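Open the model in your viewer and keep the sequence panel beside it. The stops below are given in the order in which to select them.

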Amino acid sequence: MKLGARIFKTGIAVTLALFLASLLHFPSPVFAGISAVFAMQPTIYRSYLSLIEQVQANIIGAAFAIIAVLLFGRDPFIIGLTLMIVIALCLKMRLESTITVALVTVIAIMEYTDREFIEFAVIRFSTIMLGVFAAFIVNLIFLPPKYEKRLYAQINENTENILKWIRIHIRHASEHHILKEDIEKMKEDMTKLEHLYLMYKEERTYSRKNRFQKSRKLVLYRQMIVVANRALDTLKILHRFENELYHMPLELQQAIRSQLDSLLHYHEQILLKFIGKTKCHPRTETVMETHQERTRLIEAFYAHHQQKNEYYLFSLIGAIIDYSEQLEHLDKLIDSFQHYHHDAALVKNLASH
């Protein structure tokens, strides 16, 4: 079982909320702990947005709970009706993520008590908001999330897996059903990668220099994901037409294999160059090689297509060419980034991963 930073931060936030509630002599400090659990977010930026939304939603919940009790009492039917109104209002105000804590606020305030009601409602509202603030403080101070290393590591891992399967497949060494299962898993991994990219995108930088640098990194990482998806698209087409490709003329099979081998090597070199493990400007020779292989592939394809109109090949050739062009674009982006940010700590951090 893996214990991540968010698990530790949730535990710390609940502990802090319960401690502060007890220190302030709030009755039922458990509500502070509950609200701290729901208020914990994966990024500092989301935690800030959550804080703003939680304040709004809890004010709505507290206001309606107080009005309902003062006008109609604490009947279970009234509590249920108040909950529905608060849910509807939160949805109307696009505060969906805060509905749970708002409902806890309503129930906590409308709970039967012998205390003076307004005083009791204020204390319960304060207790719940204490948990929200405790979660925000913990997320801000303790183990702030760093998604860049995780993002690059996941890009690298996903890419290596895709390239490995392409190499195996073009040499007719793959099992059809095993590759089919792995393609589905790779699609899920790429979806998770998109989510991780969004987490990194939401991380805030405060200096102008770092903001400019990060904006360029975002473009780079987005293109890395695009290229990995193009490689996966190529693999899916190779798998889909496995039988047809196996019966193609040997010259065309060799042209496809040579072009893909060249692109896979180029892809690996680009990722290594990004973290400073290869020469900074090897593009000219590598691009010339891929262009030569591409010309050979297109010539072999036209020669075969004149004899047999196998239109499924258009999708494969198109996917390979698109993959090649996206790789070249990524290479240029990395050259540009390293030219303007040659002293960036990014390379050292990722290279040591």
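**Stop 1: around Ile 166**

Select Ile 166 and show what surrounds it: leaving aside neighbours within four places in sequence, Ile 166 is in contact with Ala 231, Leu 235, Leu 238, Leu 260 and Leu 264. Bear in mind throughout that this is a predicted model.

**Stop 2: the largest nonpolar core**

Ile 166 and Tyr 221 are the residues with the most contacts inside the largest nonpolar core, a set of 52 residues. To see where this core comes from, colour helix H7 (147–170), helix H8 (176–202), helix H9 (208–240), helix H11 (250–274) and helix H13 (312–340), each of which supplies at least two of its residues. Which helix gives the largest share of this core? That is H9, with twelve residues.

**Stop 3: another core**

Next select Ala 57, Cys 90, Met 110 and Phe 117. These are among the 20 residues of another core, which lies apart from the one at the previous stop.

**Stop 4: helices H4 and H5**

Show helix H4 (residues 76–92) together with helix H5 (residues 99–110). Two packed helices are described by the angle between their axes and the distance between the axes. Here the angle is about 150 degrees and the axes are 10 Å apart. Angles over 145 degrees count as roughly antiparallel, so H4 is roughly antiparallel to H5. The crossing of H4 past H5 is right-handed.

For the contact itself, display these side chains:

- from H4: Ile 78, Ile 79, Thr 82, Leu 83, Val 86, Ile 87, Cys 90 and Leu 91
- from H5: Ile 99, Ala 102, Leu 103, Val 106, Ile 107 and Met 110

Sorted by class, this contact of H4 with H5 has 13 nonpolar residues, one polar residue and no charged residues.

**Stop 5: Arg 94**

Stay in this region and go to the loop between H4 and H5, where Arg 94 is placed. Is Arg 94 buried or exposed? Arg 94 counts as exposed, at 68% relative accessibility. Then check its backbone: Arg 94 is not a glycine, yet its phi is positive, about 60 degrees. Most residues other than glycine have a negative phi.

**Stop 6: Ser 28**

Finally, select Ser 28, in the loop between helix H1 (5–23) and helix H2 (30–39). Ser 28 also has a positive phi in a residue other than glycine, near 55 degrees. With a relative accessible area of 29%, Ser 28 is partly exposed.

Notes
Residues are numbered from 1 along each chain as its sequence is written. This is a predicted model: local features need pLDDT of at least 70, side-chain atom pairs count only at pLDDT 80 or more; totals for chains, interfaces and linings use all residues. Side-chain values use heavy atoms; hydrogens and water are left out. Axes are lines fitted to C-alpha atoms, for helices over the stretch in contact, and angles run from 0 to 180 degrees between N-to-C directions. Helices (H or I, at least four residues) and strands (E, at least two) are DSSP runs, numbered from the N terminus. Angles under 35 degrees count as roughly parallel, over 145 as roughly antiparallel, 65 to 115 as roughly perpendicular and the rest as oblique. A crossing is left-handed if the near helix is turned anticlockwise from the far one by less than a right angle, and right-handed if clockwise. Contact means heavy atoms within 4.5 Å. Ala, Val, Leu, Ile, Met, Phe, Trp, Tyr, Cys and Pro count as nonpolar, Asp, Glu, Lys and Arg as charged, and the others, Gly among them, as polar. A nonpolar core is a set of buried Ala, Val, Leu, Ile, Met, Phe, Trp, Tyr and Cys residues joined through side-chain atoms within 4.5 Å. Buried means under 20% relative accessible area, exposed over 50%, partly exposed in between (1.4 Å probe, protein chains only).
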